[in-house]
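Work through these exercises with the model in view. Try each task before reading its solution.

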Amino acid sequence: MRIVCIGGGPAGLYFALLMKKLHPAHDIRVIERNKPYDTFGWGVVFSDATMESMKVWDAESAAIIQDAFNHWDDIEVLFKGTRQRTSGHGFVGIGRKKLLNILQQRCEELGVELVFETDVDSDTDYADADLVIASDGFNSKIRNRYPDVFQPDLVTRPNRYIWLGTNKLYDAFTFDFRKTDHGWFQAHIYKFDDKTSTFIVETTEEAYEAHGLGEMDQQASIDFCENLFSEVLDGASLMTNARHLRGSAWLNFNRLICGKWSHFNGNSHVVLMGDAAHTAHFAIGSGTKLAIDDAIELTRQFQLHGHEKEKIPAVLETYEEIRRVDVARIQNAARNAMEWFEVVGRRYADTLEPEQFMYSMLTRSQRISHENLRLRDKTWLEGYERWFAKKSGLSVGNDRCLPPMFTPYKLRGVTLPNRIVVSPMAMYSAKDGLIADFHMVHLGSRAMGGAGLVFAEMTCVSPDARITPGCLGLWNEEQAAQWRRVVDFVHGNSAAKVGIQIGHAGRKGATKLAWEGIDQPLEEGAWPLYSASAMPYLKHSQVPKAMDRADMDRVLADHVRSAELAATTGADWLELHCAHGYLLSSFLSPLTNHRDDDYGGSHENRARFPLEVFKAVRAVWPDDKPISVRLSCHDWVDGAGNTPEDAAIFAQMFKDAGADLIDCSSGQVSKEEKPVYGRLFQTPFSDKIRNEVGIPTIAVGAISEADHANSIIAAGRADLCAVARPHLADPAWALHEAAKIGLTTVAWPKQYQSSKYQYETNLARANAPAVVK
């Protein structure tokens, strides 16, 4: 094949050398606009795993790179007068110029033709090429020629950064956080050769503008940064290699994702690689890794399919299919890390203590979890666990202490034995709203299974507040008496506390049991529905009545009566359901509230009735017991519904009204929703509300193992974790997760003690290394 790589960065050079090495008959050219062995840039970073992959594919260049790189395991954080360090993180730093020079030399050895000082405007300049690699960077001219084909999705992020260098050498990947009168600045610092370190300074647009950095020239910006980071620089100077840029050289990061990566232009197949196809924020240092991995995967596919030019379409199709998954994973992690730095000042630096701030920073990408930190640096993590346990009120020694999810949590006069909550989950198994034997077994078994707080499903405040005929209710004394049986059993047989979630289905009521047709309206026996506006949930659902003041007064009184009955049951916790498109949620969301009176329009108006209900309920609920509010923190309808920013506004209102905690869920308000699912996908809502509004939170959604819960709670992203489906599959989820992480000090019910040792022993045997004979 005739192959032309446009752009002599890591992607184009590495692909060229791999293909030439594996199939010398290829005619391969790399076209680069810079001079030979001349480039700019400070250091680049990639992981030990990428280095190991490069050793497999080209041991010769890998050996030279390994001799040239700087390797370190430590991360050090300077924050609020503290200096904290942890180890085991495994990074490789190398000068960008050095890396490219090594790859250029290797290409020449293998017979790749390197063409320098040539600026390519079009892939059609090489009509004789069978394959054109568009590795010409973020501003790719090749990609930009075909926007309708490649479908670039470009987002300019809000933070500003400046990429500098210094001759001071650092023995750890160092982060320095500094607060000014106008906001926080952070420096990302790492050594990449024996003389130089990269020094990236980042801040918010607001701080950038307030300090007048946009009006400064480069030297003035450098002087500003030297003064701000004088402690970590210790007398060293900062340098720039971007004198060719006008102005202050502060940039915005641009996140790029392409809908398609390849195209046939009539003569040649064109494929995107590296920054031309995707970008990853420098917060996790994966841009070079992605470029190298692109080159490896495209080469691998030629090895598998064959090197003949007729195989190119199949190769490119498979290449994109495979790489898109891994790139999405890395970009998601980079996005998490990027967003952490974008809000670090108001959300974390202003609120967290240094120890928790350090943990939060280490886990910012969500790729590094609690148990992964234990593998990296057990000493540091167990020291942090002791700090967290002590903050939770436990007496701490030098032995392994309870991890965060198993520490107690106190709110008002109620202390939960641990941070795990059994989510309210509709069971559709009640008759006339009454708790049945099923509920006693269902809730009792999960309390005995180790959870700290056990909720039943949404408990409806009146017969016409039910979702289905099988929903629980709490509007009469007979129902309250059955609730007392549950509360007494849980209190008598476990350390768990009991929560009652009260609510009204609104326009989502009068539907069939889930297994008979979820959300489908009843064909017989339906009751009238109420909502903020006369809008059915489904097109064929019953149209609800838009509530008038008399309706509101009745529904408010129903909530008060239900709360008063709940107080008589001995339940420890009350939650008001204002989420998932039910009645109170229908007032909060602009998707379902089209009112033009005092209960529609602004945030204040949309929250008016839910707040009236909350205040009335709080007034009759015991002062020494908490009330939480469940919110839909994202409607998942672009440009129309509530967003996390709206949820934070409502959370502040409920906090001001006396709410003790926000239970952060999302969705189920509109059938037009398009949720973005994934591991811990709703936890960011909890993180935002807890650390920006300053109110405790429950995180929910796709939390399925102890590692998830410990990571969330330890980082301060939530105070409690609610677990739903895993608790349906395993009533003793909490006890089993403790055993899986080797925690044998968590007590089991005395009736089950004989199984505890056997369960833990079987796990230990299953996890023991295999013995080779």
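**Exercise 1.** How far apart do the C-alpha centres of domain 1 and domain 2 lie?

Solution. Start with the source. This is a predicted model, where local features need pLDDT of at least 70 and side-chain atom pairs count only at pLDDT 80 or more, while totals for chains, interfaces and linings use all residues. Residues are numbered from 1 along each chain as its sequence is written, and side-chain values use heavy atoms, with hydrogens and water left out.
Next, find the domains. The assignment for the protein chain gives domain 1 (2-340), domain 2 (354-388) and domain 3 (411-729); such bounds come from an automatic or database domain assignment.
Now the distance. The C-alpha centres of domain 1 and domain 2 are 28 Å apart.

**Exercise 2.** Describe the interface of domain 1 and domain 2.

Solution. Take contacts first (heavy atoms within 4.5 Å). Domain 1 brings 22 residues into contact with 15 residues of domain 2.
Then take buried area, the accessible area (1.4 Å probe) that two parts lose on being put together, summed over both. The two domains bury about 1700 Å² between them, with 65% of it on carbon and sulfur atoms. On the domain 1 side, Gln84, Thr86 and Trp340 lose the most area to domain 2, together 31% of what that side buries.
Finally, count salt bridges (a side-chain nitrogen of Lys or Arg within 4 Å of a carboxyl oxygen of Asp or Glu). Between domain 1 and domain 2 there are zero.

**Exercise 3.** Which elements each supply at least two residues of the side of domain 1 that touches domain 2?

Solution. Helices (H or I, at least four residues) and strands (E, at least two) are DSSP runs, numbered from the N terminus. The suppliers are strand 5 (75-79), strand 6 (82-86), strand 11 (173-180) and helix 11 (312-342). Helix 11 gives the most, with six residues.

**Exercise 4.** Which residue forms a salt bridge with arginine 145?

Solution. The partner is aspartate 123, and the closest N and O atoms are 3.0 Å apart. Arginine 145 sits in helix 5 (residues 141-145). Aspartate 123 lies in the loop between strand 8 (113-115) and strand 9 (131-134).
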